[in-house]
Structures are given as structure tokens and as C-alpha cells.
Amino acid sequence: MKRKVGYSWRLREIMAQNGMFATTDLVPLLSDRGIKLSASQVHRLVTGTPERLSLQVLAALCDIFEVTPTDLVPVEAQNAGVRKTASDDVPGPPPPVNLRPKRARPTPEG
């Protein structure tokens, strides 16, 4: 069974819950924890959804806001629906693949 996995990035929401509305307010807090990011990098981190994130940055954010990684990045997973065919039948498993080699059959030379 295939599963569809997604996630959401809640940094902006968590900042607002903590009374922090300017992305630049996060720069010195990260710097205090050894994370050197420019104001524009922090702005992109807050306003967008990162595809890659260092664990040091994640740990620093969790420490700053006293949350867990699950609070910052909730994961949604659900079973992918089975695709139906035109006849509304559920497709069966694919046919087995024969991985055994075929025996060579010598032919008489003419």
C-alpha cells in the first residue's frame, strides 16, 4: 500500500503565538545559539516552507520557542487511493516476472 506523506511549516504561526511578528526579531535569538543567518535568510525561513533544514537550525528554533520538532513540522500521512480502471474494476497485482534465463537451443548448421 502506497502512502502519501506531506508536512506543514508552522514557524510563522508559532512566532505569532509568542508575540513575535517581525522576522528580524529572530536573527539575534538564532545568533545567540550559534546560528548565523542573514535577515533575508531568516525572512525566507519564516515566510516560506523549507525543503531542506539543518538539524542545528531546527534545534535552535525548538529551544527559542520551547516546542518540539513535531510542533514546528507536523506530518500528515494517508494511504494513497487505489486508482480505478475505466470498467470500475480494481486493478490486480502486476503479473510475475520470470527472471530465469532461457536455455540456449543449438540449431544445426546448414
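Begin by selecting Thr 23, which is buried, with a relative accessible area of 14%; buried means under 20% relative accessible area, exposed over 50%, and partly exposed in between, taken with a 1.4 Å probe and protein chains only. What you have open is a predicted model, in which local features need pLDDT of at least 70 and side-chain atom pairs count only at pLDDT 80 or more, while totals for chains, interfaces and linings use all residues. Residues are numbered from 1 along each chain as its sequence is written, and side-chain values use heavy atoms, with hydrogens and water left out.

Thr 23 sits in the loop between α1 and α2, where helices (H or I, at least four residues) and strands (E, at least two) are DSSP runs numbered from the N terminus. Show its neighbours next: leaving aside residues up to four places away in sequence, Thr 23 touches Met 15, Val 42, His 43 and Val 46, a contact being heavy atoms within 4.5 Å.

Now zoom out to the whole protein, which has 5 helices and 2 strands, running β-α-α-α-α-α-β from the N terminus on.

Then select helix α4, residues 55-65, whose buried residues are Val 57, Leu 58, Ala 60, Leu 61, Cys 62, Ile 64 and Phe 65. These buried residues pack against α1 (11-17), α2 (26-32), α3 (39-47) and α5 (69-72).

Finish at Glu 66, which follows α4 and lies in the loop between α4 and α5. Glu 66 is exposed, with a relative accessible area of 74%, and has a positive phi of about 55 degrees although it is not a glycine. Most residues other than glycine have a negative phi.
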